[in-house]
Amino acid sequence: MSVKDELNLVFREVFKDDSIEVFREMTEIDIDMWDSFSHATLLMSVEDHFDISFASREIMNLPNVGALMDLIERKLAEKPR
Amino acid sequence: MIASLHFFLFFLLTLGVYYALPHRWRWLWLLIMSYVFYGSLSVKYTVVLFTMTLISYGLARLIEAQQDIEKKKLYLRLGIILSFVTLGIFKYTGFFLSSVNDVLDRLGANSHIPLPDIWFPIGISFFTLQIVSYIMDVYTEAAEAEPHLGKYALYVAFFPQLLIGPIERASHLLPQFTNKVTFDYQLLVEGLIRIGWGFWKKLVIADRLAIVVDRAFSDPSAFSADKLALATLLYSIQIYADFSAYCDIVIGMAHILGIKLTENFNHPYFATSPIDFWRRWHITLGNWLRDYIFRPLNFAARRNFTLWIQTRNVLLVFLFSGLWHGAAWTFIIWGILHGGYQAVELALQRRARNKKSKSKPAWWKTAFSISVTFGLVTFAWIFFRAESVNDAFYIIKTIFTWGNASAGGSLWDFTSAFERQVVFLLIMILLVIEIAQYLSKKPVWEFIHRTPLTARWTMCLILIYSVIVFGYYGEVDPTAFIYAGF
């Protein structure tokens with residue numbers, strides 16, 4: 001599964017909505033339940049799902065879902081195998 | 001300063017030369033005019049502005065050049081601390097020392113700390129936030145450090161938004177200074193109509209209401225409950241008309257210069273909850289608080305995200321917001337009230353999270369939510385406007401016990417027979433236009449601009465005429481905006 005597909009699973013789980021289809025330009029405006037709190041839950045779920053960990057410096061520069069996907073990919077590449 | 005003929009002429013001069021100059025020199029012209037504008041208020045302000053610009057420019061470049069993450073963090077902290085310490089010295093020294101003196105008084109001490117005579121560089125609260133956002137963005141790599149000191153200085157000092165915002169991000173504003181803009185008649189007309197609408201809200205509504213509101217809040221004990229309640233309601237309208245007028249004027253001016261500033265309002269009094277209100281009122285401040293304080297706080301606590309942590313984080317953010325607005329207990333209480341509203345709403349949301357229905361609520365439910373939200377916001381404005389905490393509590397107590405019925409103070413000046421009727425008629429006109437804008441999702445200047453030529457000119461003339469005839473040009477200084485005090 002691609003990062004995008006896996007991320008889609010996380011989004012559906014966190015926002016409890018099976019109709020969500022993530023796209024690169026998606027922001028909190030596109031999902032009703034996406035507020036500052038679910039944002040933290042979302043990032044935590046992403047960390048758990050991909051078994052990575054973000055620094056606060058990294059999460060402050062996430063203007064949209066595309067930026068989050070890039071960050072996940074970078075983190076996965078850095079991860080020791 | 002902004003809603004004055006002088007400033008408008010200053011703008012026209014800036015505009016004429018701006019488009020006459022070749023692209024590559026326009027930033028310099030805007031920078032010069034921004035410093036001329038700020039210097040015309042006081043030359044010493046420009047020293048503060050320039051020093052803060054220089055320090056943040058240097059630190060951002062150091063952050064970017066540094067490879068070691070710990071050193072980057074060190075420069076970031078230094079930048080944030082220096083910015084807020086500077087703001088603190090100018091804004092909070094008096095408040096802090098007089099609070100200490102209050103405590104000394106209560107302890108029965110005879111000696112007091114003398115209050116130093118500190119001047120306040122107007123706009124510093126706004127450009128400090130803009131500087132901090134820039135340093136943070138460079139640190140998180142959301143923006144690149146600007147290599148050109150002059151262009152960066154313009155980002156901090158750009159005259160339309162220097163005094164009261166909108167609080168812009170470097171990644172949004174900086175690239176626009178080098179965009180190749182050619183003079184466009186469309187931009188000019190759109191911008192001028194928006195400026196006209198801003199002048200109407202400021203001079204016709206806000207400044208007229210200011211007289212009535214000031215009478216009540218300067219001496220609340222002279223008024224009965226119904227008059228205090230009315231003055232409170234009118235203040236809600238005044239502060240909206242005042243601040244949104246300012247934004248319309250400066251966004252319109254920047255529009256004519258081919259520069260797009262961020263919108264600060266989205267029909268705030270149609271908000272259906274306190275959280276919704278903060279997505280619609282002073283949006284650029286809300287976004288700043290969300291991105292640089294709220295999200296990092298929540299992220300840090302993500303593994304242990306209890307109801308208590310959630311509540312604490314909201315209260316902290318709004319305590320900061322209250323303090324940022326002004327160095328007084330009234331603003332702190334105002335901030336905590338808004339924080340409290342949101343904490344309660346979030347707690348309720350948390351409980352209802354799994355039950356949330358997707359269907360659109362019935363219109364009467366929406367109308368009810370809008371009314372309750374407006375009531376809560378208006379209640380909080382009492383603290384925002386009152387001259388002291390005691391005054392605020394006195395006003396609240398009088399209104400809720402319907403007391404002080406014998407007080408004879410009048411909100412209206414009966415030497416001008418129609419004052420009250422005129423004010424209510426004008427408020428009705430504003431209300432109708434606001435509702436039309438909200439329902440049609442189209443701002444009034446866009447509506448005017450899209451009508452056929454004759455109708456457009458007629459509406460513009462009516463607008464100008466009514467600003468001249470109904471605008472208020474006495475007693476209060478029409479050039480002062482409420483938010484310029486922060």
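This is a predicted model: local features need pLDDT of at least 70, side-chain atom pairs count only at pLDDT 80 or more; totals for chains, interfaces and linings use all residues.
Local features need pLDDT of at least 70, side-chain atom pairs count only at pLDDT 80 or more, and totals for chains, interfaces and linings use all residues. Residues are numbered from 1 along each chain as its sequence is written, chains are lettered from A in the order in which they are written, and side-chain values use heavy atoms, without hydrogens and water.

Chain B is divided into domain 1 (5–181) and domain 2 (187–485), with bounds from an automatic or database domain assignment. Their C-alpha centres lie 26 Å apart. Across the boundary, 36 residues of domain 1 are in contact with 37 residues of domain 2 (heavy atoms within 4.5 Å). The buried area is about 3,200 Å², with 71% from carbon and sulfur atoms. This is the accessible area (1.4 Å probe) that the two parts lose on being put together, summed over both. B:F95, B:I164 and B:P166 supply 19% of the area that domain 1 buries against domain 2, more than any other three residues.

The count between the domains is 1 salt bridge (a side-chain nitrogen of Lys or Arg within 4 Å of a carboxyl oxygen of Asp or Glu). A salt bridge also describes the side chains of B:R169 and B:D291, at 3.2 Å from N to O.

Helices α4 (residues 69–106) and α5 (residues 124–139) of chain B pack at about 175 degrees, their axes 10 Å apart. Helices are DSSP runs (H or I, at least four residues), numbered from the N terminus. Axes are lines fitted to C-alpha atoms over the stretch in contact, and angles run from 0 to 180 degrees between N-to-C directions. α4(B) and α5(B) are therefore roughly antiparallel (angles over 145 degrees).

Methods:
Helices (H or I, at least four residues) and strands (E, at least two) are DSSP runs, numbered from the N terminus. Angles under 35 degrees count as roughly parallel, over 145 as roughly antiparallel, 65 to 115 as roughly perpendicular and the rest as oblique.
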